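Keep the structure open beside the text.

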Amino acid sequence: MTGLLKIKGEILPLQTEVKKFPIMLGLLIGGFVGMFSETALNIALTSLMGDLHITASTVQWLTTGYLLVVGVLVPVSGLLIRWFTTRQLLLTALSAFMIGTLISALSHTFTLLFVGRLIQGIATGILIPLIFNTVMAIFPPHKRGAALGIVGLVIMFAPAIGPTAAGFILSTLTWQWIFWVMLPFLILAFFISAIFCRNVNEVTRPKIDIFSIALSTIGFEGIVFGFSSAGEGGWGNTKVIVSLAIGVIGLLIFAIRQLKMDKPMLNVRAFQHKMFTIGTLMIMIVFSIIMSSMLLLPMYWQSGKLVAVALTGILLLPGGIVNGVVSAVSGKMYDMYGAKWLVRIGFIICIISAAMFVNIQTTSSFLFVITANILLMIGAPLVMSPAQTNGLNALPKELSPDGSAIMNTAQQVSGAIATALSATFLAAGEHAYTLSNGHNAAEALTNGVQYGFVFTLVLTIIGFLLSFTIKTVGVYETPQEQDKKMRLKEETKLD
């Protein structure tokens, strides 16, 4: 027994008697749909521009707005978890997700669709940190790797499979069906959660510091908005520069304020734990790699290789499947072997993949590109789950909600930044091709994709170098293993 929790007048032991799978199931289904929706709509942006009569700069707000709302909610999730029960937060988030998805599915105007996406972002911003906090509450340290491996399947597999599923849908149906397909899963998650969810967090209701919330919102929104706007107006645009400056200043003041508070909204002292800091940096790098590839690769297939949307989904499918399998087993491998070698091997595989992508041409074989994508989808989850588990295990129990919030905030912000930077390098590559007197649109796009994957390659190399600083934290022997070791010791003494 590792701790006690009072639930509706009843004392329950954490990490031992709580039925873990039913509690996690609703969370995982909701989280999967949330991460799925981050990338599923990307492949439909061209269709949306035509149907809704909007420009490229307008349509990108369906993704940017979603990320902005997530960026507001995730940093305050640690506070929400201390103010409301697990059950209240989960059912509220799933209800909001169903409402947002229904609005999006019924929408025929940009404004209505945008509102639906914002409501979906609210739900995702609550769900993702809640998943990690629940895992840390109900699983003992020696089982967290396997549990977070399943969570990794949600976090990594959902955005990887999003364009594939959306491609299948768009081949025969309208873009509204992307949302109609989500709705039954959300309804299922709601009913499972209503029946089985238990409260696994202690409600302490700390004082709410409005100024901290405002600083957090200004800081993270400024950075996400600035990077997202760079793809539209360029890095020299006044709006971009001002947004980034406001974001950085806001975050700096926010961090200083948290350090001075006895009960901070988000305890940034978690960064005093070195392995947590390293784990957070690795998660930012890996999620940046995933999000940049999810932007560049569909564009290469459709505009570089000139394949149809439906075929694009099929070509992305092998990588998505491999990603899911490796995500599911990487956490268990962490429990067995620790983080160091898994992370290094993962980054080496990512380096090989990124190097292959840097050299793709319009004439590259389908097998070459699919193989590069599969390698990326092997390497990334080999890093993600071990780095995440190792980082969270480095924190004392009272910092777990803050650690989960910090990691998920960093992940979302890095995804937005990576997407913007990839778009910038893509445009630079296309411009460089034009300056060399090139006139083939497919080759111009492919040259831009190469530039974008140079950015990915640099990230993988940085991650590999960082992997030499990681040390495994919190891999514990199970009670059975401890008993076996004790028996062996007794037998040795007798001998």
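What you see is a predicted model, where local features need pLDDT of at least 70 and side-chain atom pairs count only at pLDDT 80 or more, while totals for chains, interfaces and linings use all residues. Residues are numbered from 1 along each chain as its sequence is written, and side-chain values use heavy atoms, with hydrogens and water left out.

Start with helix H12, residues 274–304. (Helices here are DSSP runs of H or I with at least four residues, strands are E runs of at least two, and numbering goes from the N terminus.) H12 has 31 residues and reaches 43 Å from first C-alpha to last, close to the expected 45 Å at 1.5 Å a residue; that expectation is 1.5 Å times one less than the number of residues. Because 23 of its 31 residues are buried, H12 is largely enclosed by the rest of the structure.

Leu296 is a residue of H12, and it is buried, at 0% relative accessible area.

A cavity here is a set of points on a 1 Å grid over the protein atoms alone where a 1.4 Å probe fits but cannot get out, and lining residues have an atom within 4 Å of a point. Points are joined across faces, edges and corners, and the volume is the space filled by probe spheres set on them. The largest cavity holds about 30 Å³, and its lining consists of Glu38, Thr63, Tyr66, Leu67, Arg117 and Met291. Helix H4 (residues 61–73) gives the most to that lining, with three residues.

Now step off the end of H12. Leu306 sits in the loop between H12 and H13 and has a positive phi of about 60° although it is not a glycine. Most residues other than glycine have a negative phi. Leu306 counts as exposed, at 63% relative accessibility.

Carry on into helix H13 (residues 309–337), where you'll find Leu311. Leu311 is partly exposed because its relative accessible area is 33%. Together with Phe168, Ile314 and Phe366, Leu311 forms a nonpolar surface patch with about 320 Å² of accessible area.

Last stop: Gln361, in the loop between helices H14 (340–358) and H15 (366–393). Gln361 is partly exposed at 41% relative accessibility, and its C-alpha is 7.6 Å from that of Glu443, 82 residues away in sequence.

Definitions and conventions
Patch = residues over 30% accessible without salt bridge, like charges linked within 9 Å, V, L, I, M, F, W, Y side chains within 5 Å. Areas by Shrake-Rupley, 256 points an atom, 1.4 Å probe, with all protein chains shown as cover. Salt bridge = Lys/Arg side-chain N within 4 Å of Asp/Glu carboxyl O. Buried < 20%, exposed > 50% of the residue type's maximum accessible area, 1.4 Å probe, protein only. 1 Å grid on protein atoms, 1.4 Å probe; cavity = no way out; pocket = protein on both sides within 12 Å on 5 of 7 lines; lining within 4 Å.
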